[in-house]
Amino acid sequence: MKKLDLHPRIVLAVYAHPDDADVAAGGALAAFAADGALVHIVTACDGAKGSGDPKVNIAELRALRARELGLAAELLGAASVESLGYADGDVSNDSHLRERLVAIIRRLRPEVVLGPDPTATFFDGVYVNHRDHRELGWALVDAVAPAAAMPLYFPDSGDMHHVDTLLLSGTHEPDVIVDISVGIEKKILAVLAHESQLSEDPEWVRNAVRARAQQAGREVGIACGESFRHLDFSR
Ligand SMILES: [Zn+2]
């Protein structure tokens, strides 16, 4: 494990559900923004199935989750946030989604892209990684390398753009830690902004998010960190 020092000007985080970016990478996004980067957040799904209540008003939940997403993005210091509008569970790594992601990458032209590691399927014998995370993760990987960087892929969706760094979260094979010491408090607030998704008491969440960041930080001797699988395309 090594500490990764990055000072990008433009960062793009692409995740499946409205709270995913904050939980997985909110500290890194806040730290990049504090360092002067333009941080853009894209979520694939509207989050309108994110409730255990069969009688929940879907339209109200969709609107609530969009408001929570907007507030969280603001707390992180993001420059923009957009949703691709998929229903939860309906994300597929198809040509249409890859073209949409390629168009966003070519429009925003980030040096660093963050998203979910699609290779992580089972966790500790008790959790199956959500299908949307896996499908979106593969679509993003495929959109970054090579599609966005090759002119003959989706030629009507912008000028080719080469992404230098891909950071994948929720991974079984983390190899870098990003220092989020300046971003941890913003990450906590962003995670707490998704009130509809909190099943635990806010103080518990606050402590859990901080403890996880401290544990990652300890691996490389810093106060707080987030771990990722790192792909370096700049060489
Ligand atoms: Zn999710």
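Helices (H or I, at least four residues) and strands (E, at least two) are DSSP runs, numbered from the N terminus.

This is a predicted model, where local features need pLDDT of at least 70, side-chain atom pairs count only at pLDDT 80 or more, and totals for chains, interfaces and linings use all residues. Residues are numbered from 1 along each chain as its sequence is written, and side-chain values use heavy atoms, leaving out hydrogens and water.

Where the two helices meet, Glu68 and Leu71 are among the H2 residues, and Lys186 and Leu189 among those of H5; contact means heavy atoms within 4.5 Å.

Now to the pockets. A pocket is an open set of points on a 1 Å grid over the protein atoms alone, where a 1.4 Å probe fits, with protein on both sides within 12 Å along at least five of seven lines; lining residues have an atom within 4 Å of a point. A volume is the space filled by probe spheres set on the points, which are joined across faces, edges and corners.

| Pocket | Volume |
|---|---|
| Largest pocket | About 1,500 Å³ |
| Second largest pocket | About 170 Å³ |

H6 gives the most to the lining of the largest pocket, with eight residues. Lining the second largest pocket are residues including Lys3, Phe32 and Val182.
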